[in-house]
Amino acid sequence: MNVVLWIIFLPIIAFVIGTFLLGYSRKFTARVERRYGPPIQQVFYDIFKLMNKKTNISHGWMHDVAVLMLLGGTVLTLYFIPVPGFSYFAQYGDMLVIMYILLIPSLGMALGVGETANPNGSIGIARALTMLAAYDVPFVLTFIGMAMLNNTTSMYDLMVIQQAGGVATWGIVTNPLLAVAALIALHGMLGKKPFEVVVAPHEIATGPMVEMGGKYLGIMFIQHAIAEVVEMTIYINLFLGGALNWFEYILKLFVLWTVMLGVGMVFGRFRTDDAVRFMWKIPLPLAIIGVLLIIF
Amino acid sequence: MSKKEEVRDYEIFIGPNHPGIEGNFSLKLKLLGDKIISAKTDAGYLHRGFEKLMEERLFIQNIAIVCRICVPDPDPNENNYARAIEEIAGIEVPERAKWIRTLVLELSRLASHLFTIGGHAATTGLYALPNWTVADRDRILELFEELTGGRVYHIYQLPGGVRRDFPDGFGKRVLEVMDYIESRLGDYDDLAINNALFIKRATGIGVLTKEQAISWGVTGPDLRACGVASDVRKDDPYEVYDKLDFEIPTQTEGDAYARMIVRRREMEQSISIVRQIIDKIPSGPVWNKIPNPLKWKVPAGDAYVRTESSKGEFAYYMVSDGGRKPYRVHVRGASTTQGVHVLENLLVGSRIEDASQVMFSLDACPPEVDR
Amino acid sequence: MDYAKENSIIEKMQPEFKDASFRVVKERRIEVKLPSERLYDFAVRMQKRWNFLHLSAISCVDWIEDGEFELVYHFWNYDEKVLVMAKIRIPREETSHFDTLSNLWQPAKFFERDIHEMFGIYFDGSEDMERYILTDWNGPPPMRKDFITREFALNFYKYREYEPQWLKDMMAAGEGNE
Amino acid sequence: MGEKMTQRSVWEKIAAKLSKRSLWMLHYCTGCGAIELPPTMTARFDMERFGIGHMVTPRQADILLITGYLSVKTLKRVVLTYEQMQSPKYVVGFGSCTINGGMYWNSYSTMKKLDQYIPVETYIAGCMPRPEAIIASFNALIDKIDRGEANSWKDYYKNYDFYKENQDRVFEGPIETYNDIKADAALFKI
């Protein structure tokens, strides 16, 4: 019964946390830009407004299904990573499963946006898939490294080991190279600057979202809020010792998010080829060296 | 794809509704992958028929509409228009009015450059810089408001002088604003101009060689970024520029980054010019009265006047047939070269990521093209 | 002012263009009036021999009473810092024709295209005489003097009805008109 | 045009209360008034305080701000853009040029009265309106949405023939549009 409740409420909790983090990021950005900024609950208003709009566009059934695939894939990932109090599926699915499911949202987006026949969207998708190839390799290597270091492929066990051993066993201390590589890859994964090539408003008019309006865009916003929590939770579980209570968990999310925002504020946007080159020049060798250090 | 068609190139429109476009303008690009293989500009969205409207209005009425031709940098228009009438009608301008006009022109240049460097940084994803520069530009607009009553359009320079003298203590406030903007320049450097990622994005983009620039008719900061020290303020001095001490900054690379640097260094020069003007401005009347403007007939004749606007050479060719209305006014917008053929040529071979950066770095201003 | 620089430039040009009239307008401004068929030769010499590398603008004036169009070419010399205005007149017809300079100066492309739209002068030999600004325009070339924009606009567009009492009073008193 | 408050259900009232806090403006500089938008959006006046952001494509936007005069060529794009936007959508006419032609009243190229071609929610007078005026007008629009009176977008579906006739008159023939307005009107039950 408990599990059923968690299954129902976990996406909602993740959505609320993710939305507040997005609102915080808008406030943070505004303050750096010397503005006052919107209220912190602004993203709720945006999503409500979008869901309340009368939508009269459709580009075929694939377009409709893809948006749900996007959201479904993200929520599915959410179930497989351990969060405080809920690790039912995490005991069954290990990191390899997570690596696979993480690809579903990208593919869903590619299928749906491909239907809209807008060249900006197609370029955006091409960029998203290129970036996938760029950040996935270092990220998977960090997965492997951490698994070898702790002799387990289960994220739950990893978290338990780090929680039991204290700060000295956190991934960021035991293997800082992998932690840095994964942090850079995480920027690419979340599409944060300087790896904002997928949306890039000045170049391709928000890329994949260009033909999305009303409810479609609303679902994409919800997915974005949840995906943020999912991907940062993975990082926290791997390198920041996970969390056993919600206070610690949210605090860690907040700190990680602030670091990422700070990096994003002072950098512009890489070009796609530069982004790929950078990913393969810096995080990838770092991750390889990190893994080699673990092996030998 | 059911038919075995091979899609090699495709077309994409940037604009008129797109954040990567300065104003209401459109680019029709043909792409092969990410690379632009042909580019066409499409203007005319802002066409109001200024030249025709001016022919149907009195000389004095036109002062209100000429400033609308270039929106970010309106004062060169007023200056050109006033000087063209003065040249045809042989009106003398009081010395103090000339100094005030120069001050207004330089403040306008500064405001326009602040706008442009912010916009240029935004095309590479640095959204903090436009927020800072546009807010700092507002201080200059407040000065304008105090002096002329208008924030954006000033309608200030009349034939025969300027509309009103400085308010009390205006010089002091101008110097305060100059000090403030000078103190902010360092922040812009830290955030954008010396930012490693911005340098990486902007170097080697939209490269113009010296020969190309001259043969394509490039003017203004874009030409100076190619190493040609040509500036209407020095070469063809108007108002009091021959009495002021300033340099013409040049770079030799001719790429987007060099254009950014030139604008950045021109802002320093403008600040120094404004300080010199406040320091040296003579006292006296600001307007030589012209005849009753509703019945005023300007003698027959023609004049070609040029101004260095923030975007390049801005010129008016005015013909009067001795009537109450101008017979013909031809506006040579500064962006008619940079914004059309130069842009088309530079876009070919560059990539879709850089299209809007090329446009912003050339500082093409569509209303000047459309008129 | 003695205009030494301007006069020396005129002296260089005068022997080759005896049918042209030269005049120094003011400092750094020279006016040249040419027969229209001589303009291309003049332009070639301007660019290749006398180093006027910058074509600043091409202006067109519609002298409807004379039945002529006046084309004014503004050339700028970067070294001498002198601007030469070359003026020619061509007959005013339904579609007037003239030779292009776009093979000499790239900027001429835009100006010629613009004059073609606004005045209906076709420049023979130019690559691109397509409509540019007025792509959606079906009327006559608008900058010609016989096109009156006020009449056109009043007939073509709908205006907001706004006739307050003060305006009626003013019109009744005979004020408010030009 | 404005429907009475009493006709609204409770849900609609709540929806209006929340939706008014998030208005996205299309990033389209149709005229010279666009120069006052950057100061309004950025650090000095910061419109994001009211939840007004700028969006880059018509699909995502709620407000179409017509910044000044519209030449016929732009009007064509504006009509297409307006039809692509998702309802409810609001048009704000900015500057005197949209009201009666402004200083271009005798120009052959610009239209004189915006509400002939698309329904307009609010107008801002002035040439050009200051950022304070823009913010005031957006606040007026927010109040109007709250009261449930911002229904001009329904007018386009109801009186499509009127707008279409005026558009065709200026465009000198029908233009190719990609939305079937009458079918949408049936879909939305307007």
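How far apart do the closest C-alpha atoms of chain A and chain C lie? Select both chains and look at the gap. Those closest atoms are 25 Å apart, and no contact joins chain A and chain C. Keep in mind throughout that this is a predicted model.

**Stop 1**

Hide everything but chain D. Colour by secondary structure. Now trace the chain along its sequence. The order runs α-β-α-β-β-α-β-α-β-α-α-α-α. The radius of gyration of chain D is 16 Å, close to the 16 Å from the globule rule for 190 residues, so chain D is as compact as a globular protein of that length.

The C-alpha trace spans about 50 × 45 × 25 Å. Next, colour by burial. Of the 190 residues in chain D, 56% count as buried. Then turn to contacts within the chain. Take those between residues at least 6 apart in sequence: 83% of them join residues at least 24 apart.

**Stop 1: two helices in chain D**

Stay with chain D. Select residues 72–84, helix 3, and residues 160–171, helix 7. Their axes come within 10 Å and cross at roughly 145°. The crossing of helix 3 of chain D past helix 7 of chain D is left-handed.

Show side chains where the two helices meet. On helix 3 of chain D, pick Val72(D), Leu75(D), Lys76(D) and Val79(D). Facing them from helix 7 of chain D are Gln167(D), Val170(D) and Phe171(D). By class, this helix contact has five nonpolar residues, one polar and one charged.

**Stop 2: chain B against chain D**

Bring back chain B. Five pairs of chains touch, and chains B and D make the most contacts among them. Chain B puts 28 residues into the contact, and chain D puts in 32.

On chain B, select helix 2 (59–66) and helix 5 (128–148). Each supplies at least two residues to the side that touches chain D. Helix 5 of chain B gives the largest share, six residues. Now colour that side of chain B by residue class.

**Stop 3: chain C against chain D**

How values were computed. Residues numbered from 1 in each chain as written. Chains lettered and ligands numbered in written order. Predicted model: local features only at pLDDT ≥ 70, side-chain atom pairs only at ≥ 80, totals over all residues. Contact = placed C-beta atoms within 7 Å. Helix = DSSP H or I, 4+ residues; strand = E, 2+ residues; numbered from the N terminus. Rg over C-alpha atoms; globule rule 2.2 N^0.38 Å. Buried ≥ 20, exposed ≤ 12 C-beta atoms within 10 Å, placed from the backbone. Axes fitted to C-alpha atoms, helices over the stretch in contact; angles between N-to-C directions. Left-handed = near helix turned anticlockwise from the far one by under 90°. Nonpolar A, V, L, I, M, F, W, Y, C, P; charged D, E, K, R; others polar.
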